[in-house]
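This report describes the strand pairing, the helix packing and the nonpolar cores of one protein model. Please consult the sequence and the structure shown below while reading.

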Amino acid sequence: MGINSKINIVIAGVGGQGIITLSKIIGDAAVKENVKVLVAETHGLSQRGGSVEVHLRIGDVYAPLVPKGEADILLSMELIEAARNIDYLNQNGIVITSDVILRPPIPGVKLPKKEEIVSEFKRNNIKYYIIPTKDLSEKAGNYLSENMVLLGALYKLANLEKFISIDSIKESIKTMRNPEINLKAFELGSSFITSI
């Protein structure tokens, strides 16, 4: 890792999507390799399907929260949450998001269409990758592994190998329930990025 080498990641989604598990896997893998990592969770209404975000900073960092406008990556488990958290991205930041749109728990809210959210990314000149997490996780054997699909995409797109080896990530995934399914989901997310 070079001098002043760091990466700022904001992970967004709603309660129950496995965001905290995803960040824990990265954090554990970094610790195994003696790489400095800071993780800060902001839960909101996580138990009721409300917004959750996790700030993950790896490398030469000294505070746990990613300031607005300084995230290199916005990783989102849900398209609306991706749009809601765009202001965290720096000028060259990228969005990696699931293609899933979840209905908010508030009655009568009009859901935006996927095209509306994508046009917002385009209007703001944001580089984005939309991952079919539901399809890929079901292919892996369990829709609950969507977070591991996104982790695979993140690992490829963010060049996380500069900080953490893939072996350490996989060792951390093996500590989860259903490690075979989760490892397969990770590989499918990574392969999806390689194929586009």
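## Strand pairing

Strand E4 (residues 71-76) and strand E5 (residues 89-98) run parallel and are joined by five bridges; helices (H or I, at least four residues) and strands (E, at least two) are DSSP runs, numbered from the N terminus. Two strands count as paired if DSSP finds at least two bridges between them. Opposite Ala71 stands Leu89 in E5. The model is predicted: local features need pLDDT of at least 70 and side-chain atom pairs count only at pLDDT 80 or more, while totals for chains, interfaces and linings use all residues. Residues are numbered from 1 along each chain as its sequence is written, and side-chain values use heavy atoms, with hydrogens and water left out.

Both strands belong to an open sheet of six strands with mixed pairing, in the order E2-E3-E1-E4-E5-E6. Strand E2 (37-42) and strand E6 (127-131) stand at the edges; each has a single partner strand, so one side of each lacks a neighbour in the sheet. On average, neighbouring strands are turned by 15 degrees against each other, direction ignored (axes are lines fitted to C-alpha atoms, for helices over the stretch in contact, and angles run from 0 to 180 degrees between N-to-C directions).

E3 pairs with E1 in the antiparallel sense over nine bridges, and Val10 has His55 in E3 as its bridge partner. Eight of the nine residues of E3 are buried (under 20% relative accessible area; exposed is over 50%, partly exposed in between, with a 1.4 Å probe and protein chains only).

Helix H1 (residues 19-32) lies across strand E1 (6-14), E2, strand E3 (51-59) and E4, and runs at about 10 degrees to E3. Contact means heavy atoms within 4.5 Å.

## Nonpolar cores

A nonpolar core is a set of buried Ala, Val, Leu, Ile, Met, Phe, Trp, Tyr and Cys residues joined through side-chain atoms within 4.5 Å. The largest has 44 residues, of which Ile96, Leu151, Leu154 and Ile169 touch the most other members. Helix H5 (residues 146-157) supplies its largest share, eight residues. Apart from this core lies another, of 17 residues, including Ala71 and Leu89.

Beyond its neighbours within four places in sequence, Ile169 contacts Ile25, Ile26, Ala29, Leu151, Tyr155, Ile164 and Phe186.
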